[in-house]
Structure formats: C-alpha cells, structure tokens
Amino acid sequence: MKPLLALLLMLFCAASGADDGSFKASCERLAAAANFTAVFEDKPVSRDDGVRMADLARFAKAGSSLNHSTLGVTRAEPAASMALAIRTLSNGDGRVCAVPSLQLKLGFSSFEVLLARELGSNPCRRRIVDDHEQEHVSVWRDHLRVSARLMPVALRQSLGQVAYFSSMGEAESVLRQRADQQLASLLNKLKEGINAAHQQIDSATSYRDAENRMRACP
C-alpha cells in the first residue's frame with residue numbers, strides 16, 4: 001500500500017494573559033473542542049476482460065503455481081489525505097499550549113479488475129473468476145470503510161491531549177510530525193490487514209475449489 005499523503009496545515013492562534021491555573025483550564029477547553037474525523041470515498045471499479053494471461057501473471061506479482069494460471073487480477077492504489085488544523089493558546093510568559101484537529105480522507109486513486117481474454121465467451125468460467133476477484137474488491141472496500149470509522153478514535157487518543165511548547169513554531173513543527181507518524185503507523189497496520197485478507201482469499205484451497213467449479217462448466 002503506497003498511499004498518497006497530502007497534508008494541509010492551518011494554524012489558529014490566541015493569546016491569554018491569565019494566571020497558570022486559568023491558562024491550563026483554557027488549554028483543556030481547547031482540547032475538548034478538538035475534532036478528529038475520517039471519511040471513506042469509494043471509487044467505481046473499472047474492468048478489462050481482455051488482458052492476456054501472461055500480463056495478468058506479471059501484474060499479480062506473486063506469480064502462479066504450476067497447477068493453475070492467473071485468470072484474474074484486482075489492482076487498487078489506495079490514497080489518503082489529511083487536513084491538519086492546530087489551535088494554540090499562548091500565556092503571558094511565552095508558554096504555548098496546542099491541540100490539533102484532523103480531517104482524514106481514505107479512498108482510491110485507481111481501482112480495477114482484469115480478467116483473462118483466454119476465458120473467452122464462456123459465461124460460467126468467467127463468472128467463477130469474477131466472483132473470486134469480487135472478494136478482493138470487497139476486502140479493499142471493507143477495510144478502508146472500517147478504518148474510516150476506527151482511525152479517528154485512535155488519532156484522538158494519541159494526539160488529542162493538550163501539549164505545551166515554548167513557541168508557536170515548535171508547536172506547529174512537533175504536532176505536524178506527530179500527526180504524520182501516527183497516520184503512517186495506522187496506514188501500515190491497514191496495509192498489513194489488507195494483505196492478510198487477500199492471502200486468505202488466494203489460498204490453495206480457494207484456488208482448488210475454483211478449478212473444480214470451472215471443470216464442471218459446460
């Protein structure tokens with residue numbers, strides 16, 4: 001998974017001349033107002049039913065066993081973009097507290113299913129191969145959809161607490177770096193989950209079942 005990560009940073013600054021207790025209370029209110037959201041933006045799957053088997057095998061990367069040929073491939077390029085807004089509050093002694101808000105979008109820059117031209121016009125064989133590829137399509141969509149629900153919770157837990165800094169510049173730099181690191185970690189876990197699900201679909205048992213079904217086609 002190689003997500004396209006775009007970062008939009010906005011700074012919102014305020015000043016406070018309050019005492020230490022009031023300053024901390026104001027900073028806590030700042031944290032309470034922080035907002036972490038994510039959306040999944042789906043993309044229609046494009047299709048090509050006329051790709052040569054040799055090309056499909058190359059696209060599959062993992063290659064084919066001696067007992068079956070690559071008759072279908074699902075390819076997706078996931079994309080993630082993040083808008084980061086940092087709200088800060090400065091005290092009279094120069095201290096700064098800051099809390100980020102974050103808006104995340106998950107989706108696809110490309111999404112396609114490729115089937116072998118060697119399947120010909122046999123609807124039975126083509127349907128079996130397509131059913132298998134649709135399982136891969138569902139893996140991509142389901143994992144990104146679920147991640148759009150779970151990632152804001154994880155990001156709030158790791159980034160939603162008040163942090164104190166010596167300057168506005170330090171607050172912006174450190175919080176942006178933390179957001180980048182946390183998102184990269186979450187996306188890596190997402191990638192691992194997606195790969196594991198694809199491997200289950202592409203098990204030897206699954207291929208054997210598909211081959212047996214195809215032999216029964218008229």
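Is C27 buried or exposed? Select C27 to begin: at 0% relative accessibility, this residue counts as buried, where buried denotes under 20% relative accessible area, exposed over 50%, and partly exposed in between (1.4 Å probe, protein chains only).

The model is predicted: local features need pLDDT of at least 70, side-chain atom pairs count only at pLDDT 80 or more, and totals for chains, interfaces and linings use all residues. Residues are numbered from 1 along each chain as its sequence is written, and side-chain values use heavy atoms, with hydrogens and water left out.

**First stop: C27 and C97**

C27 and C97 form a disulfide (a pair of cysteine sulfur atoms within 2.5 Å), with their sulfur atoms 2.1 Å apart. The pair ties together parts that are 70 residues apart in sequence, because C27 lies in helix α1 (residues 20–32) and C97 in strand β5 (residues 96–116). Helices (H or I, at least four residues) and strands (E, at least two) are DSSP runs, numbered from the N terminus. View along the S-S bond: the link of C27 and C97 is left-handed, with -95° about that bond. C97 has a relative accessible area of 0% and is buried.

**Second stop: C124 and C217**

Next, select C124 and C217, which form a disulfide with sulfur atoms 2.0 Å apart. This pair links distant parts of the chain, 93 residues apart: C124 sits in helix α3 (residues 123–159), and C217 in the segment after α5 (204–215). The link of C124 and C217 is left-handed, at -70° about the S-S bond. Both C124 and C217 are buried.

**Last view: the overall pattern**

Finally, display the 2 disulfides of the structure together. Counting bonded cysteines along the chain, their pattern is 1-2, 3-4.
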